[in-house]
Amino acid sequence: MNNDANITWHEHSVSREMREKKNGHKGCVIWFTGLSGSGKSTIANTLDHMFHKDGFQSVVLDGDNVRHGLNAGQGMLNDTHGEEFSKRFGLGFSAIDREENIRRIGAVAEIFTQTGVIALTAFISPYRIDRDKVRNTLKEGEFIEVFVDTPIEVCEQRDPKGLYKKARAGEIKGFTGIDDPYEVPLAPELILLAAKKTPDILADEVITFLKKKGILS
Ligand SMILES: Nc1ncnc2c1ncn2[C@@H]1O[C@H](COP(=O)(O)OP(=O)(O)O)[C@@H](O)[C@H]1O
Ligand SMILES: [Mg+2]
């Protein structure tokens, strides 16, 4: 039988409070969103280093890495069920696939939050509704949406992976900011002006916010 009624929720015997007390900070999701090349991974990893140095528990969930594992693409999944498996569970970049990509990541980030970890996520996450759905799975104050606000001209100039060049040449279809939408957050907790400031300064801005909200003491 595969029925929701037969699946019960298990409470953890080590409570969140116990974990947070031990860690010396609260669990939360710091959700970076912005164009490709805006600086999401750089800032997330800068913070991860800072947290690690201070003995805090943090984790980075990064777009490309997740798409190699948890959310591997169609054609990347090799299972005994072959093509059907890949077709059903492999994720691409269509709107529906992006929705499922973010849903799965949100679910993972929520587990980290529940265990008192600071989850740093670095995904373009272009659709407002998908980000808001993750927000709604968390309690008030646990989802910190950080808009990495870098103009597309700057992202395109940086182009460390040569992706904008390929998108402009039509070699990549559905590239966010070129021929796919990016929906700017309407009420993010933080906006980082990542074309004008260094990653260290931007990371400090996030830390100041976390202290103000009592996530870090
Ligand atoms: N604040 C910043 N100032 C200048 N360059 C930056 C800054 N943040 C990131 N970069 C550079 O921009 C490029 C893209 O950054 P990355 O973090 O990979 O972006 P994203 O993860 O949003 O795609 C990299 O080459 C990185 O070194
Ligand atoms: Mg990145």
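## Overall dimensions

The C-alpha trace spans about 55 × 50 × 30 Å along its principal axes.

## Basis of the model

This is a predicted model, in which local features need pLDDT of at least 70, side-chain atom pairs count only at pLDDT 80 or more, and totals for chains, interfaces and linings use all residues. Residues are numbered from 1 along each chain as its sequence is written, while chains are lettered from A and ligands numbered from 1 in the order in which they are written.

## Secondary structure

The protein chain contains 9 helices and 5 strands, arranged along the sequence as α-β-α-β-α-α-α-β-α-β-α-α-β-α. Helices (H or I, at least four residues) and strands (E, at least two) are DSSP runs, numbered from the N terminus.

Of the 217 residues in the protein chain, 30% are buried. A residue is buried if 20 or more other C-beta atoms, placed from the backbone, lie within 10 Å of its own, exposed if 12 or fewer, and partly exposed in between.

Aspartate 132 belongs to helix H6 (residues 128-137). This aspartate counts as partly exposed because it has 14 C-beta neighbours inside 10 Å. Its C-alpha atom is separated by 16 Å from that of alanine 122, 10 residues apart along the chain.
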